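Good morning, and thank you for joining this meeting.

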Amino acid sequence: MMTWAEYAGLAGVSTSGSRDGSPDAMDPGKLLGTFTPMSTVPIVHLGPVRQRRITPMRWGWYDHKAANPFRSFKHLHARSDTIDTLPTWIESLQERRGVIFAKQFNIGEELPSEKTKQWICSRADGEPVAIAVIFNTWELLQGPLRAFAMVTTASCQPRAAKDERMPALLRDEDEVAAWLGEIGAPDAELKALLRPYDGSLVMREQDSPKKDGPPPKPKNPKPEPQPGMF
């Protein structure tokens, strides 16, 4: 929910997406919208020469059992408590870490009705949050698949009453630099960055879509669909 110029500024790169003036510049005034699973997200990471750059990546880890890996995923999140022990994550933790900047993020509250109520969280001071991710690239027959998983931690209060997990938020520029790899740090120090957020956050219920009036009745009414993930 910010312009490309604002996002690039937070990343510390030019609107070309890098510090070396690569040719894939985007309109500085382009408004970045909501990032959802399976969408393409601008990931801040270090390039081959250890300089920051932004690369579009798919949110959703590669599923090697899928008939079409580009239309499915294995994981959306990597838990901080197992990120340094599970084979799925170890190599990416050591070598391929990135950051997403966002003005707000969602958590979901599971209701007794089995529906999910969405809550919007943001920093109390209005500044963007920096979310830790890990990523990888797979060379497939259909072409390269660049995908990431969002790192999660235990929720801090009062969000823990709504959802036990939340994104791993990096506190400041020093932590962003350490997570990206600009400051050399062993795995233990990297994992120590992935702790429940201790800053001030605010939370509000996500508004339901407003409608101008009741929808027209269908000519042939059908049974109501069962609740699903969205």
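Let me begin with a term: a residue is called buried under 20% relative accessible area, exposed over 50%, and partly exposed in between, with a 1.4 Å probe and protein chains only. What we have here is a predicted model, in which local features need pLDDT of at least 70 and side-chain atom pairs count only at pLDDT 80 or more, while totals for chains, interfaces and linings use all residues. Residues are numbered from 1 along each chain as its sequence is written, and side-chain values use heavy atoms, with hydrogens and water left out.

I turn to one residue, Phe70. Phe70 counts as partly exposed because its relative accessible area is 30%. Phe70 lies in the loop between strand 4 (52–59) and strand 5 (77–79). Helices (H or I, at least four residues) and strands (E, at least two) are DSSP runs here, numbered from the N terminus. Which residues does Phe70 contact, leaving aside its neighbours within four places in sequence? They are Met38, Arg58, Leu140, Gln142, Gly143, Pro144 and Leu145, where contact means heavy atoms within 4.5 Å. Between Phe70 and Ala147 the C-alpha to C-alpha distance is 9.7 Å, although 77 residues separate the two in sequence.

Now the chain overall. The protein chain has four helices and 13 strands. Of its 230 residues, 42% are buried. Taking contacts between residues at least 6 apart in sequence, 63% join residues at least 24 apart. The chain exposes about 13,500 Å², and carbon and sulfur atoms supply 53% of that area; accessible areas come from the Shrake-Rupley method with a 1.4 Å probe, and for residues only the protein chains shown count as cover.

Next, a sheet. Strands of a sheet pair through backbone hydrogen bonds, either parallel or antiparallel. In this model, three strands form an open sheet in the order 7-8-13, with antiparallel pairing. Strand 7 (105–110) and strand 13 (201–205) are the edge strands, each pairing on one side only. On average, neighbouring strands of this sheet are turned by 30° against each other, direction ignored. For such angles, axes are lines fitted to C-alpha atoms, for helices over the stretch in contact, and angles run from 0 to 180 degrees between N-to-C directions. Two strands are said to pair if DSSP finds at least two bridges between them.

How many bridges join strand 7 and strand 8? Strand 7 and strand 8 (residues 116–123) pair over six bridges in the antiparallel sense. Their hairpin has five residues between the strands, and Glu114 there takes a positive phi near 75°. Ile120 illustrates the arrangement: Asn106 stands opposite Ile120 of strand 8, and Arg204 is the bridge partner of Ile120 in strand 13. Strand 8 is mostly covered, with six of its eight residues buried.

I close with the salt bridges, each defined as a side-chain nitrogen of Lys or Arg within 4 Å of a carboxyl oxygen of Asp or Glu. The structure holds eleven of them.

Another salt bridge brings together the side chains of Arg171 and Asp198, at 3.3 Å from N to O. Here too distant parts of the chain are linked: Arg171 is in the loop between strand 12 (169–170) and helix 3 (173–180), and Asp198 is in the loop between helix 4 (187–192) and strand 13, 27 residues apart.
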